Amino acid sequence: MVNDEVSEANKKPLAIFKNSMFQQKFRPITSSGKKRIWRSLKQVLAQERALPWPSDAIHYSSINAPPSFKPAKKYSDISGLPAHYTDPQTKLYYATADEFMTVRSLPMDITAGYLALRGAPSIV
């Protein structure tokens, strides 16, 4: 009798909104027998843009982020490490003295290629 009272006192009541028979499947099968296809964010946004939205509706593709107040981080064009230095001749970013030697020894066409990859204006 005492054990029954203790077990009932320790037992937490199930929440009303929880279904004790619920079993989640990774890819649920629809009523037609087909597996449900998961969509990427790009697909969801494309589908959202195609819908006829009112002009004042707010959705993912209509939200614009404000500009950042933090300066953009600079990474070395050679190694990808955080760069604290910029070569004044070639305008390439570098992180160490060894990379500086490499940057100075690069031909002009490769330097222009690195700048183009970064999206910086090429020096002439």
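Mentor: Let us begin with the record. UniProt, in an unreviewed entry, places the feature "domain: Vps72/YL1 C-terminal" at residues 74-103. Please keep in mind that the model before us is predicted.

Trainee: How much of residues 74-103 is helix and how much is strand?

Mentor: The span is 23% helix and 13% strand, and its end C-alpha atoms lie 16 Å apart.

Trainee: How many salt bridges does a search of the whole structure find?

Mentor: The search finds 2 salt bridges. In one of them, Arg118 pairs with Asp77, with 3.0 Å between the closest N and O atoms. Arg118 belongs to helix 4 (residues 108-118), whereas Asp77 sits in the loop between helix 2 (41-50) and strand 1 (85-86), so the bridge ties together parts that are 41 residues apart in sequence.

Trainee: Are these two partners buried or partly exposed?

Mentor: For this one needs the cut-off: a residue is buried when its relative accessible area is under 20%. Asp77, at 15% relative accessibility, therefore counts as buried, while Arg118, at 29%, counts as partly exposed.

Trainee: Which side chain meets Asp87 in a salt bridge?

Mentor: The partner of Asp87 is Arg104, at 2.9 Å from N to O. Asp87 lies in the loop between strand 1 and strand 2 (93-94) and Arg104 in helix 3 (residues 97-105), so parts 17 residues apart in sequence are tied together. Asp87 is buried, with a relative accessible area of 0%; Arg104 is partly exposed, at 38%.

Trainee: What should I notice about the phi of Lys91?

Mentor: The general idea is that most residues other than glycine have a negative phi. Lys91 is not a glycine, yet its phi is positive, at about 65 degrees. Lys91 is placed in the loop between strand 1 and strand 2, and with 40% relative accessibility it counts as partly exposed.

Key:
Residues numbered from 1 in each chain as written. Predicted model: local features only at pLDDT ≥ 70, side-chain atom pairs only at ≥ 80, totals over all residues. Heavy atoms only, no water. Salt bridge = Lys/Arg side-chain N within 4 Å of Asp/Glu carboxyl O. Helix = DSSP H or I, 4+ residues; strand = E, 2+ residues; numbered from the N terminus. Buried < 20%, exposed > 50% of the residue type's maximum accessible area, 1.4 Å probe, protein only. UniProt positions renumbered as here; feature names shortened; annotations may be inferred.
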